[in-house]
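Trainee: I am new to this structure and would be grateful for a close look at a single part of it. Would you please take the surroundings of the ligand and describe them in one connected account?

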Amino acid sequence: MRNFDFYNPTRIVFGQGRMAEIDRLVPAAARVLILVGGASAEKHGTLAAVRQALGARVHATFAGIEPNPHYETALQAVAQIRAGGFDYLLALGGGSVIDAAKFIAAAELYDGAEPWELVRQRGRSITRALPLGAVLTLPATGSEMNDGGVLTHHARGHKLSFSSPHCFPQWALLDPSLTYTLPPRQLANGVVDAFVHTTEQYLTYPVGGGLQDRFAEGLLLELIDIGPRILAAPAQPDYADRANLMWAASWALNGLIGAGVPQDWATHVIGHEFTALYGIDHGRSLALVLPALLHERRAPKRAKLLQYAQRVWGLTSGDEEARIDAAIARTRDFFEGLGVPTRLSAYGLGAEAVDAVVANLQAHGMVQLGEQREITPEVVRRILLAAL
Ligand code: NZQ
Ligand code: ZN
């Protein structure tokens with residue numbers, strides 16, 4: 001196992017019917033700006049519940065953070081904070097709202113002329129941020145319990161991730177019943193996103209991280225168990241299944257399973273270009289890439305793929321190549337079974353999309369991806385042509 005630091009300061013407040021406890025989580029004198037996405041928080045009553053919990057505190061709402069949040073929109077929130085003298089942020093939503101809130105929290109205290117610099121430098125230059133709490137409505141990204149975010153510079157068509165220890169939410173309220181209003185597509189996206197966060201940190205090469213491996217396998221097994229059940233009856237939610245999805249998604253990307261082990265993240269970097277170019281949902285972009293990437297990278301990932309085949313999919317018979325093929329096929333079937341396509345053709349995309357994604361990766365300097373840094377633009381091209 002490699003040396004590592006593990007730091008996660010986010011207080012988790014988990015369970016149903018706990019919204020009123022926001023009153024004890026937010027300082028009494030805080031001036032709170034609530035950040036929300038489109039219509040869902042108002043429509044489903046969560047915004048009203050949060051406002052009620054804030055009681056007499058000065059508070060206002062900034063609405064309109066879009067999925068795959070835009071830098072330009074975040075700057076409008078910064079302007080509202082400055083105009084209203086707010087000193088505490090409360091993000092109510094999924095990964096997009098929470099990610100935007102992390103950036104807004106840092107940008108508000110940034111002295112430079114162009115806050116995009118904070119993202120361009122991947123968060124390294126963030127030295128402080130406003131305090132942030134999160135009420136999660138969509139289990140998927142893990143943003144509620146990590147220090148990262150992803151922001152899109154809309155004018156430049158550039159989607160970039162950033163992270164900073166200053167960006168951890170101070171607390172996150174995780175109420176599984178808030179997922180009951182999610183449409184099936186978002187539920188499926190969440191299962192796939194949490195699954196791929198786990199494989200990005202698990203399907204690399206062995207370094208003796210036995211405990212990290214067992215944690216990762218536990219997450220994958222749980223997602224494989226609950227995912228199809230949740231999607232089979234999205235309108236009749238089962239609290240335990242939703243609770244396990246929410247908790248699994250948080251642990252898939254809160255630092256634990258990635259501590260002390262190599263990490264890949266090529267599927268995410270490539271997927272982000274599909275979102276930037278074609279507006280494909282984040283979770284869905286990952287399903288397009290992962291099966292073909294595992295196939296292409298089967299040699300350097302061989303030991304872990306065999307372990308995955310055995311421990312996650314129970315594949316023990318046949319020769320090694322056949323077991324790896326079967327594990328990749330199971331992965332593809334799992335995504336497809338959730339209604340998430342694994343082929344570009346499902347979106348009407350062909351070879352021209354492969355060229356466009358490769359060109360964007362080159363333009364963004366993303367030319368040595370993966371845990372071995374061997375995924376060059378040519379390798380990406382092979383991966384995506386195999387995903388047509
Ligand atoms: O905008 P509203 O009206 O609120 O609707 C949202 C949105 O349209 C809706 N929604 C959320 N909660 C709901 C609900 N609808 C009904 N009931 C509810 N309870 O869902 C739609 C999608 O929301 P969004 O926040 O965009 O989804 P998600 O949580 O999947 O976040 C995706 C973003 O997170 C980034 C992605 O790149 C993408 O920009 N990621 C962030 C990461 C991180 N911070 O660590 C890691 C991830 O890999 C990911 O890249
Ligand atoms: Zn993701």
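Mentor: A polar side-chain atom of histidine 268 lies 2.8 Å from an oxygen atom of ligand 1. This is a predicted model, in which local features need pLDDT of at least 70 and side-chain atom pairs count only at pLDDT 80 or more, while totals for chains, interfaces and linings use all residues. Residues are numbered from 1 along each chain as its sequence is written, chains are lettered from A and ligands numbered from 1 in the order in which they are written, and side-chain values use heavy atoms, with hydrogens and water left out.

The backbone also takes part. A polar backbone atom of glycine 38 is 2.7 Å from an oxygen atom of ligand 1, and for alanine 39 the corresponding distance from a polar backbone atom to a ligand oxygen is 3.0 Å. A polar contact here is a pair of N or O atoms within 3.5 Å; within protein, one must be able to donate a hydrogen and the other to accept it, and residues adjacent in sequence count only if both atoms are side-chain atoms.

Taken alone, ligand 1 exposes 970 Å², of which the protein buries 88%. These accessible areas come from the Shrake-Rupley method with a 1.4 Å probe; for residues, only the protein chains shown count as cover. Two or more residues of the shell come from each of α5 (95-108), β6 (148-153), α7 (184-202) and α10 (266-278). Such helices (H or I, at least four residues) and strands (E, at least two) are DSSP runs, numbered from the N terminus.

The shell as a whole can now be described. Ligand 1 is surrounded by 32 residues, and the closest are Gly38, Ser40, Gly95, Ser96 and His197; a residue is near a molecule if one of its heavy atoms lies within 4 Å of it. By class, the shell has nine nonpolar, 20 polar and three charged residues. In this scheme Ala, Val, Leu, Ile, Met, Phe, Trp, Tyr, Cys and Pro count as nonpolar, Asp, Glu, Lys and Arg as charged, and the others, Gly among them, as polar. Domain 1 (11-178) and domain 2 (183-386) each give at least three residues to the shell, the bounds coming from an automatic or database domain assignment.

One further feature involves helix α7. Arginine 185 and aspartate 281 meet through their side chains in a salt bridge (2.5 Å, N to O), that is, a side-chain nitrogen of Lys or Arg within 4 Å of a carboxyl oxygen of Asp or Glu. Because arginine 185 lies in helix α7 and aspartate 281 in the loop between α10 and α11 (282-296), the pair ties together parts that are 96 residues apart in sequence.
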